[in-house]
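Have a look at the sequence and model first, then read on.

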Amino acid sequence: MSRFVLGDELGNIKVFRHGNLPPGCKTNVKTVYSQEDSSALPKVVQKLATALRPHSGTTLAAAFSDGSCSLSTLNDDDTLTQNLKWTEPRITQNKFIGLSLNQSAAFACTSNGMLRRVPFTVEHTPKEASDQLPQSDISIIPSRLFDWRMPEDCSTFAYGGDEVDLSLWDTELAFTSASPSKNSATSRKRKRNDDLFSGEIPNDHLTLRQPIRITTLTFLQSTCNSHHLMTGTQFGDLRRYDTRAARRPISNWTGLGKRGGVRVIEKGISEHELFMGDNGSNLYSIDLRTGRILYGYKGFSGAVTSISPSPTVLASVSLDRNARLHSTFPPSLTPGNNQDGRGEVLDKWYLTTVPTVVVWDKRAVSPREDEHNDDVWDNLEHIM
């Protein structure tokens, strides 16, 4: 069974599950958080991030359009316990474009390059939640960003944007090598193409200017050896980088974003698998070895705003106000061979508001728990 968390344009956070349910039993979407003041302007959920807690539940971070952020525990019974909250005072008219979690800190980045690390412990209790800014580390990176990502170990991060080429940074150096006052005055703009910012990794000069707009990016590996990255551009191209190999992309696949360029990409669970959505109504599975479209999903009437792979299904949310669950089919073992199977839409829920982001809770249910759930369904009384 997989559990997903989604946020919407009115500031609601909702949960839905997928598992082996008997015929006729349908999973519902449950609201676990809603805006407290209904008279205030709605605050859009811009980013969500999850991390496993040591024993039970999931740590959930959320970033909202009003500059506020929260850290909560998503319990196994689909209830939410808020532990910590703060407001980013440097966000102005910009937005959050990145949010990541590990076991000890939350990382948030805005489109104007305001980067913050908020340490926490799993012992935080609800009574500690307040609007005061917790003790945290701050840094400043270039502005006009469209996307910012971290691998799961949070040891590095990468970003790209409007006339901002792909850049890879060491996380610790970004927060310790220079003070914010020095960064804000001198480090926001390069003097030469071969200059590096404080904390930036000399990744074989990925700083070479490219005439592109990076709209989205992702790491293709989850560890500190994350040398492979993928970017999507406003012109519909996918570009793959190996930070050890060359100053230019090692692969450049053009025209894959059919309408309006590439909007979102995510690495799939299977090897050589990438999922990509454009600004039309297309969601595709891509072979990372060839750049070939393996198959597409049907039934969308709006652009996909966020996708989240899990070991069992792929979740997506889109501008047509639907949340969907999709089956997936791994790429062929031999590059270029015809696909033996195609993913399909398994289920969907119409929501009353536009969903903005969806994430998997990263908690996989063990086979023993699945067997227990099956026993519960088998023992239910049938009512005619």
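Of the 384 residues in the chain, 52% count as buried; keep in mind that this is a predicted model. The accessible surface amounts to about 18000 Å², and carbon and sulfur atoms account for 48% of that surface. As for secondary structure, the chain has three helices and 27 strands. Contacts can also be sorted by sequence separation: taking those between residues at least 6 apart in sequence, 53% join residues at least 24 apart.

| Residue | Loop | Relative accessible area |
|---|---|---|
| Asp 320 | between strand S24 (314-318) and S25 | 10% |
| Ser 332 | between strand S25 (322-326) and strand S26 (345-350) | 18% |

Asp 320 counts as buried because its relative accessibility of 10% falls under the 20% cut-off. Beyond its neighbours within four places in sequence, Asp 320 is in contact with Gly 299, Phe 300, Ser 301, Gly 302 and Tyr 350. One of these contacts can be described at the atom level: a polar atom of the Asp 320 side chain lies 3.1 Å from the backbone nitrogen of Ser 301.

What about Ser 332: is this residue buried or exposed? With a relative accessible area of 18%, Ser 332 is buried, because that value is also under 20%. Setting aside residues up to four places away in sequence, Ser 332 touches Arg 289, Asn 337, Asn 338 and Gln 339.

Notes
Residues numbered from 1 in each chain as written. Predicted model: local features only at pLDDT ≥ 70, side-chain atom pairs only at ≥ 80, totals over all residues. Heavy atoms only, no water. Helix = DSSP H or I, 4+ residues; strand = E, 2+ residues; numbered from the N terminus. Buried < 20%, exposed > 50% of the residue type's maximum accessible area, 1.4 Å probe, protein only. Contact = heavy atoms within 4.5 Å. Areas by Shrake-Rupley, 256 points an atom, 1.4 Å probe, with all protein chains shown as cover. Polar contact = N/O pair within 3.5 Å; in protein donor to acceptor, adjacent residues only side chain to side chain.
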